[in-house]
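Hi,

Here is the structure I promised to pass on. Have a look first, then read my notes below.

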Amino acid sequence: MSDILIVDDERDIRELISDILIDEGFATRLAGNSDDAMSAINADAPALIILDIWLKDSRMDGIDILKTVKRDNPDVPVVIISGHGNIEIAVAAIKQGAYDFIEKPFNIDQLLVVIRRAMETSRLRRENQSLRRRDVTQSEMVGSSAAFRTLVGQLDKVTKSNGRVMLTGPAGCGKEVAARYIHANSNRASGPFVTVNCAGVAPDRMEEVLFGRETPERGVEPGLLEEAHGGIIYFDEVADMPVGSQSKILRVLVDQQFQRVGGNDKVRVDLRVISSTNRDLEAAIAAGTFRQELYHRLNVVPIAVPSLEERREDIPELAEHFISEMNSAQGLPLRELSSDAIALMQTMEWPGNVRQLKNLVERVLILGEESGPIETRELPGSESPDDSESRVVLSGALATMPLREAREAFEREYLLTQINRFGGNISKTANFVGMERSALHRKLKSLGVVTSAKSGTRVAHIDEDAEAVG
């Protein structure tokens, strides 16, 4: 959408207009009849159309072409020109969506003014529509752990291409933020980012939602694929897409065109597709709930988004980011995290991942103090039967063990938690627990604790094959 299409059955007229526009810095294409005009529009929608209302030896006149353009390419402004102008024709053209009507012989300066105004109006309309439909969800990536750096490195490699990306990871780990990061740093950043909530759309409505529909009563109602034209469409939890819709989406990926529900004409789209899932799609293929061909089309570049457990080092940075964000957006207190609160948060279980962390921060800011650092007593799981007593309540398993076994079990679990909290960094762990690094290594070996690489970071776990030395 960068040039001007001039449609006129008089060769001298269209070439004259073209020469003038080229001198003014515009690119042009020419068409002498309706077939050539529609072929040019379908091949690549122009930025603007200058359209003669009377076309000799054509199947369609200017009004017919105008109707078709306004139906299939509503953002393209059309300036009607005619040597047989009258009020009735002008009114009819404006009613059908023409930007303006100019009578031949026209004044060149007048034509240029109308063209520039039409293109500026179209640009502003597109920007306004993009802002209205664009979600305010952040695309900022927050973190500094090894697992996070690995993820960002992979995302940066795919931003400048049009390759389809499949984001995998547990619910709440930030797959949509990763998708929006790709969009914000791609050559489609000025285009729309449209999310399809595959789990949230009723199966019998999925095709209308995706493809739109045409009815005599309501005319054309664009679907999400049309809204995403020129940008990115994001299939959130694509495993939940109805099987019947999967085959039609597969065809769109191949042809980059589709028909609206109830319509007959082909609608062209220029899309980049990003999808995500927290499920095993190969298992879904084996179960017959996901099409193998679609999987291979979507899974061109697979990227795993790590869970919060795999990037515990990022918890303080993420929490501080959410505090600042909620202070700006909601006016919630701007508080800091105490060192004890950070330590507790880094050792907590996070089955809901980053989403759960964000919800926790919001709850603490709403229900907690108006000022001062956030303390451990404000976090879940920190309650004690009697806060005046600093005592640890034993789990049932530990309480039934002899002292030596209980001590080893506690030390093993404690050190596993601390090592994972610091992303597998033994030096930081040793410093926090108050041990020499060499002594910590010996202790870990005696407890059968080892570390291994996972998702770009090191994770501590029990070596099942090793025999603990007492």
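In which sense does H13 pass H15, left-handed or right-handed? The crossing is right-handed, meaning that the near helix is turned clockwise from the far one by less than a right angle.

Before the rest, a word on the source: this is a predicted model, where local features need pLDDT of at least 70 and side-chain atom pairs count only at pLDDT 80 or more, while totals for chains, interfaces and linings use all residues. Residues are numbered from 1 along each chain as its sequence is written, and side-chain values use heavy atoms, with hydrogens and water left out.

Back to the helices (DSSP runs of H or I, at least four residues; strands are E, at least two; both are numbered from the N terminus). H13 covers residues 315-330 and H15 covers 353-367; their axes are 10 Å apart, at an angle of about 55°. Axes are lines fitted to C-alpha atoms, for helices over the stretch in contact, and angles run from 0 to 180 degrees between N-to-C directions.

Strands pair if DSSP finds at least two bridges between them. S6 and S14 pair over four bridges, and Thr 168 has Ala 304 in S14 as its bridge partner.

Cheers
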